Amino acid sequence: MFDAIAARYDLLNHLLSAGIDRRWRRRAIRTLALTGRERVLDLCTGTGDLAIAARTARPPAARVVGVDFAAAMLRVGYEKLCRARLDDSIAFVRGDATRTPIATGSMDAVTIGFGIRNVENVAAACDEIRRVLKPAGRIAILEFGVPAAPLLRPTYLWYFNRIVPRIGRLASRHDGAYAYLPASVAAFGSADEFVTILRQRGFVDVAAVPLTFGIVSLYTGRKSG
């Protein structure tokens with residue numbers, strides 16, 4: 001499915017979020033408090049927007065590795081790296097978020113942008129994140145949510161469940177991909193549930209910050225020890 005929509009994935013992200021997705025990514029990278037020396041792993045990197053945000057921040061990450069299972073998404077991302085002349089400082093690797101080819105304790109930070117809900121075994125992915133992080137290494141994870149405000153919630157759910165799949169189907173020419181989006185968000189669970197998983201897997205100072213009225217949650221924390 002992700003391979004099938006790779007060519008239009010970025011366009012739809014920006015269109016369906018009215019461009020706010022760029023702001024969410026910048027906010028996530030700011031929480032890492034980069035100094036210019038860090039090595040960052042971007043899991044479920046897709047076409048690499050969050051990896052690029054880490055490398056182009058001020059100050060930037062020194063080196064970024066993006067891992068994703070969808071080869072077509074990585075090809076689109078690599079073309080973006082070449083155009084931006086970032087292919088010497090960002091590497092893309094095809095792989096499983098629960099079994100990455102990354103050395104234990106080698107990363108200063110791990111990011112995920114709207115991909116953790118797509119991992120079949122979320123707890124195993126969190127274990128893998130903890131494995132590759134250095135002691136006190138940071139995490140910044142963006143994921144969709146549902147606004148809690150009584151006036152906004154029904155309007156958002158109508159847009160998310162009815163309009164987003166239709167626009168996505170027309171633009172991506174894929175029947176199932178953008179129907180999958182609201183279904184996967186509903187299946188992922190609440191912010192409190194994911195915070196609990198992170199704490200159980202050995203992360204401390206874990207917080208879930210709602211962005212844009214709760215449409216998105218930014219999960220932050222660090223590896224214990």
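At 6% relative accessibility, T45 is classed as buried, a term for residues under 20% relative accessible area, with exposed meaning over 50% and partly exposed in between (1.4 Å probe, protein chains only). The model is predicted: local features need pLDDT of at least 70 and side-chain atom pairs count only at pLDDT 80 or more, whereas totals for chains, interfaces and linings use all residues. Residues are numbered from 1 along each chain as its sequence is written, and side-chain values use heavy atoms, with hydrogens and water left out.

T45 is located in the loop between β1 (39–43) and α3 (49–55); helices (H or I, at least four residues) and strands (E, at least two) are DSSP runs numbered from the N terminus. Residues up to four places away in sequence aside, T45 contacts A51, G66, V67, D68, L74 and F92, a contact being heavy atoms within 4.5 Å.

A57 belongs to the loop between α3 and β2 (63–68). Beyond neighbours within four places in sequence, A57 touches I29 and L34.

R30 is situated in helix α2 (residues 20–30). Together with R22, R23, R26 and R27, R30 forms a positive surface patch.

The relative accessibilities are listed below.

| Residue | Relative accessibility | Class |
|---|---|---|
| T45 | 6% | buried |
| A57 | 17% | buried |
| R30 | 57% | exposed |

Technical notes:
Patches are made of residues with over 30% relative accessible area and no salt bridge: like charges are joined within 9 Å, nonpolar side chains (Val, Leu, Ile, Met, Phe, Trp, Tyr) within 5 Å. Accessible areas come from the Shrake-Rupley method with a 1.4 Å probe; for residues, only the protein chains shown count as cover. A salt bridge is a side-chain nitrogen of Lys or Arg within 4 Å of a carboxyl oxygen of Asp or Glu. Lys and Arg count as positive and Asp and Glu as negative; His and the chain ends are not counted. The place of a charge is taken as NZ of Lys, CZ of Arg, CG of Asp or CD of Glu.
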